[in-house]
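Subject: Structure handover

Hello,

Here is the structure I promised to pass on. Please look it over first, then read the notes below.

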Amino acid sequence: MKIDHILNVNGKVCPMPAALTRKMLKQMNSHEIIEIVGDFDPALENVVNMITKNNGKVLEQEKKTNYFRVVAQMQ
């Protein structure tokens, strides 16, 4: 899988990770893939919701203490 965009939201708390995700998704073309990484665990759910609301599909999702990672593709 080729990652087209990487969004690092480390150090950002809600609502910034989801807002930055939305901004990046709006700049992407269909079928492009984005990887989003962050360190504020509660933001994971909001990031995933933002992806699905903006015509994206979550391909991978990982969550650990003080770390999350999401890989998504625009439809």
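**What was found**

Asparagine 66 sits in the loop between strand S3 (56–64) and S4. Helices (H or I, at least four residues) and strands (E, at least two) are DSSP runs, numbered from the N terminus. This is a predicted model, in which local features need pLDDT of at least 70 and side-chain atom pairs count only at pLDDT 80 or more, while totals for chains, interfaces and linings use all residues. Residues are numbered from 1 along each chain as its sequence is written, and side-chain values use heavy atoms, with hydrogens and water left out.

Back to asparagine 66. Its relative accessible area is 55%, so asparagine 66 is exposed. The cut-offs are these: buried is under 20% relative accessible area, exposed is over 50%, and partly exposed is in between (1.4 Å probe, protein chains only). Asparagine 66 touches Gly38, Asp39 and Asp41, not counting residues up to four places away in sequence. Contact here means heavy atoms within 4.5 Å. The C-alpha atoms of asparagine 66 and glycine 38 are separated by 7.9 Å, though the two are 28 residues apart along the chain.

**The overall fold**

The protein chain has 2 helices and 4 strands. Along the sequence they follow the pattern β-α-β-α-β-β. The radius of gyration is 11 Å, close to the 11 Å that the globule rule gives for 75 residues, so the protein chain is as compact as a globular protein of that length. That radius is taken over C-alpha atoms, and the globule rule is 2.2 Å times the number of residues to the power 0.38. The C-alpha trace spans about 30 × 25 × 15 Å along its principal axes.

Of the 75 residues, 41% count as buried. Among contacts with a separation of 6 or more, 65% come from residues 24 or more positions apart. The accessible surface of the protein chain is about 4400 Å², and 48% of this belongs to carbon and sulfur atoms. Accessible areas come from the Shrake-Rupley method with a 1.4 Å probe; for residues, only the protein chains shown count as cover.

**The core**

The largest nonpolar core has 16 residues. Those with the most contacts inside this core are Ile34, Ile36, Ile51, Phe68 and Val70. At least two core residues each come from helix H1 (16–27), strand S2 (33–38), helix H2 (43–53) and strand S4 (67–74). H2 gives the most, with 5 residues. A nonpolar core is a set of buried Ala, Val, Leu, Ile, Met, Phe, Trp, Tyr and Cys residues joined through side-chain atoms within 4.5 Å.

Two residues are worth a look here. Leaving aside neighbours within four places in sequence, phenylalanine 68 is in contact with residues including Val9, Ile36, Phe40, Leu44 and Val47. Threonine 21 is in helix H1. At 0% relative accessibility, threonine 21 counts as buried. Beyond residues up to four places away in sequence, threonine 21 touches Leu7, Ile36, Val47, Met50 and Ile51.

**The loops**

Phenylalanine 40 is in the loop between S2 and H2. With a relative accessible area of 27%, phenylalanine 40 is partly exposed. Neighbours within four places aside, phenylalanine 40 is in contact with Lys12, Val13, Cys14 and Phe68. Its C-alpha atom is separated by 8.7 Å from that of proline 17, 23 residues apart along the chain.

Serine 30 lies in the loop between H1 and S2. Serine 30 counts as partly exposed, at 47% relative accessibility. Leaving aside neighbours within four places in sequence, serine 30 is in contact with Met74 and Gln75.

**Backbone points to check**

Most residues other than glycine have a negative phi, and most peptide bonds are trans. Where is the cis peptide bond? A cis peptide bond joins cysteine 14 and proline 15, with omega about 10 degrees. Proline 15 lies in the loop between strand S1 (5–8) and H1.

Phi is positive in asparagine 66, near 60 degrees. Phi of asparagine 55 is also positive, near 65 degrees. Asparagine 55 is in the loop between H2 and S3, and at 48% relative accessibility counts as partly exposed.

Best wishes
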